[in-house]
Amino acid sequence: MNLVNLQDVSLAYGPLVLLDKVSLGVDEGERIGVVGRNGGGKSTLISVLSGRTDPDSGRVVHNRGLRIGFLHQRDDFPDTTVGAFVLGDRAEHEWAGDARVRDILRGLLGGWDLDADMSGLSGGERRRSALARLLVGDHDLIVLDEPTNHLDIEGIAWLAQHLNGRPESLVVVTHDRWFLDAVTTRTWEVGRGAVERYEGGYAAYVLAKAERERMAAVAEERRQNLMRKELAWLRRGAPARTSKPKFRIEAANQLIADVPPVRDTVELVRFASSRLGKTVVDLKDVSAAVPDRVLLDRLTWQLGPGDRVGLVGVNGAGKSTLLRILGGERAPDSGSVRTGKTVRLAHLSQNITELDPDARPLQTVMDVREHVTIGRRDYTASQMLERFGFRGERQWTPIGDLSGGERRRLQLLRLLMDEPNVLLLDEPTNDLDIETLTELEDLLDGWPGSLVLVSHDRYFLERITDRVLALMGDGTLAFLPGGVDEYLERRAATAKPPSVPAGSAGAAAPREEPAVSAAERRAAQKEMQRVERRMDRVARREAELHELMAAAAEDYTRLAELDAEAKALAAERDELEEVWLAQAELVGG
């Protein structure tokens, strides 16, 4: 059943056209991710879709009685308690007996006092409260604008699992590519007034976009190479984020056949060693504490030349404190910090120093350096600004007129232009769109130095680092060969489950799902093998059909017959994929 339809919708703000005769719809059960550059119209599109903003022309048609839950990036919060804001007028026995509500409260507000005043919450806590309020309600369509902001890695993983268990249709705007792959099955790309539609989550979107560019012989070779490099990461790096794109791996391999590995790690380490020597930063028996807890307890660790380290941990575990100690901005309470003589260190903190609002982006970058060498290539300040999304006149726009995301990009660029050989990055992806993130990843791929990254963006963290360390909250630093997945497993095994806020002490424990027997698992594996063999045959026949269709380009009767067979094979492939996914769940269970 169709829930929402946009028919020839247009909307502009002055000379800026955000939507130009856009027609699309949302069906029951669809799960759509919305991507595109900052300022390209993503938030405008979902606001029009939800009926919160009227278009200049065209029609927005909602199914009668449609219930929409909308999470805005900036909400007004009433002067009331957390409990009243999130739960409304529900009686305690009513929400405490609802397993879904209990799960939401544990996942987003675990340990909170529901009688606390909303006015006393931080911006991040208010954001969590708004998300909990929306999820507690009943809707036909859930629309989320940047829902992962202010959530840590565990919170994002919980939200993905929760949304996957809900029946509502979903439209979500987010720059978190791991989250997109975890919860969406279709992608809308918004830009230049149009909306391009793709099947699948982020990984499938990258593949489909690369295929479209190849087939259309796109002249923008640099952008095509960037997309292929991103695709190379998806196929050669961590396992695919969803099972569905795995069945298109042959097409992916053809696209990336001539693409080199994302990073030549051996070469970069050699460069880094020549620039840094043997000593970068050595910590010995370092301790640090805040009034209510110990953050680091006699920590001994070495950051070596060319190390690319991702640092994870719960909020308040001491990640930012460790970065400040590594950067020499804070002395440890005890222990020693030794920094190499050749180290040129740059630290991007979450709190950005304000730039002169009357200055221009190009001027501020040229004040640092007019040219920079990254890898084996030289870039001018203007070329670097263009790579970071400052095109044409935007390089001369007063900084005071830039958005928060643009100022963040400018600060990050100034940092890189200074050619440091050690980078400490604390949440660098805040306010960056996906296109800027891929540009940043491409730059860092060829950057020879040592890097420590703190980020809740799981995709970015896995993409640019080679190993993951975790502050587990007990003052220790753990090495995680299994990366973020191992961190989440350790947290689930050792951490106490977050309590439900007051009033649910008598709530029933969740019922455990029955385990899958060994016989059922073996049967599922056999069925997966059968499906994979059939998938191979379907793929071979599809390849033959494409060649036959190319040869019969002028024989419209034959072309129609071949096209009908191709559509039938595509439908069969989709059914086989669903069967494979169902069996894979049994094997994994």
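Guide: Start with the elements: helices (H or I, at least four residues) and strands (E, at least two) are DSSP runs, numbered from the N terminus. This is a predicted model, so local features need pLDDT of at least 70 and side-chain atom pairs count only at pLDDT 80 or more, while totals for chains, interfaces and linings use all residues. Residues are numbered from 1 along each chain as its sequence is written, and side-chain values use heavy atoms, leaving out hydrogens and water.

Visitor: Cavities, then. How many cavities of 30 Å³ or more does the count come to?

Guide: The general idea first: rolling a probe the size of a water molecule over the atoms shows where empty space is left. Here a cavity is a set of points, on a 1 Å grid over the protein atoms alone, where a 1.4 Å probe fits but cannot get out; lining residues have an atom within 4 Å of a point. Grid points are joined across faces, edges and corners, and a volume is the space filled by probe spheres set on the points. The count is two cavities of 30 Å³ or more.

Visitor: Which element gives the largest share of the lining of the largest cavity?

Guide: That's β12, with three residues. The elements giving two or more residues to this lining are α6 (153-164) and β12 (308-313). Among the lining residues are I153, E154, L311, V312, G313, H456 and Y487.

Visitor: Why is α6 called largely enclosed?

Guide: Buried means under 20% relative accessible area, exposed over 50%, partly exposed in between (1.4 Å probe, protein chains only). Nine of the twelve residues of α6 are buried, so the rest of the structure largely encloses this helix. The buried ones include I153, W158 and L163. You can check its length too: the expected span is 1.5 Å times one less than the number of residues, so α6 should span 16 Å, and its end C-alpha atoms are 17 Å apart, which agrees.

Visitor: Which strands does β18 pair with?

Guide: Strands of a sheet pair through backbone hydrogen bonds, either parallel or antiparallel. In practice, two strands pair if DSSP finds at least two bridges between them. β12 and β18 pair in the parallel sense over four bridges, with R308 bridged to L451. β17 (422-426) also pairs with β18 in the parallel sense, over five bridges, L424 being the partner of V452. Both faces of β18 are covered: S450, V452 and V454 on one side, L451 and L453 on the other, are all buried.

Visitor: What is the strand order in the open sheet of six strands?

Guide: The order is β5-β6-β7-β3-β8-β9, with mixed pairing. The edge strands, β5 (68-71) and β9 (194-199), each pair on one side only. Inside that sheet, β6 (141-145) and β7 (169-173) pair in the parallel sense over five bridges, with L144 bridged to V172.

Note on methods. 1 Å grid on protein atoms, 1.4 Å probe; cavity = no way out; pocket = protein on both sides within 12 Å on 5 of 7 lines; lining within 4 Å.
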